[in-house]
Amino acid sequence: GGDLVIRMVERLRARGLGFIMVVTGRRHDSQFMAFVEAATKRAGDSSLRLLGYVPQEDLVPLLHHAFALVFPSRYEGFGLPAIEAMAAGCPVIYHAVTALPEVVGDAGIPVTDYSEGAFLDAIQRLAEDPNKRDELIALGKNRAEQFSWESCVDRLLNAMSSR
């Protein structure tokens, strides 16, 4: 979903959303970086930061202070980044595919139309409703607890003992 995030950056200012998009994750290939450079020039500002891999001790504060995790994954095997964000008190706006609806549940904002406009609409709705953001933070923390190691071990042991 990196390409979608980059296209969103170009439209942030036009929508009056003064956010900076921060992209974390693996090192990006040269084709993606060329796309980023072209988009950044067109946007004419510095509303994009590519951080690359972020160590866990830095990721938690980064998520905690973020407005939201925008997670436009086209395929997600489980959704650990969403759980990490919810645990850190960061609302999740996600592409409602594969495991993400089950993992995030009602603790995030699902986006079914895979377009930068649909994700920007979700960001804008959240920006205009601070109470909704607070609600999602509380729901997300509760939801993330269901995926803690302790909780997973308890469920596994219960399942094994019920046979």
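Start with the loop between strand 4 (92–95) and helix 5 (100–104), and select T98 there; helices (H or I, at least four residues) and strands (E, at least two) are DSSP runs numbered from the N terminus. This is a predicted model, in which local features need pLDDT of at least 70, side-chain atom pairs count only at pLDDT 80 or more, and totals for chains, interfaces and linings use all residues. Residues are numbered from 1 along each chain as its sequence is written, and side-chain values use heavy atoms, with hydrogens and water left out.

T98 is not a glycine, yet has a positive phi of about 45 degrees. Most residues other than glycine have a negative phi. T98 counts as partly exposed because its relative accessibility is 43% (buried is under 20%, exposed over 50%, partly exposed in between; 1.4 Å probe, protein chains only).

Next, select M8, M21, L48, I93, F119 and I123, the residues with the most contacts inside the largest nonpolar core, which has 25 residues. Helix 1 (2–12), strand 1 (21–24), helix 2 (30–43), strand 5 (108–111) and helix 6 (116–128) each give two or more residues to this core. A nonpolar core is a set of buried Ala, Val, Leu, Ile, Met, Phe, Trp, Tyr and Cys residues joined through side-chain atoms within 4.5 Å.

Apart from that core lies another, of 19 residues, including I83, V92, Y94 and L100.

Return to M8 and show its contacts (heavy atoms within 4.5 Å). Leaving aside residues up to four places away in sequence, M8 touches M21, V70, E116, F119, L120 and I123.

Finish at helix 8 (residues 149–161), where V153 is found. V153 counts as partly exposed, because its relative accessibility is 43%.
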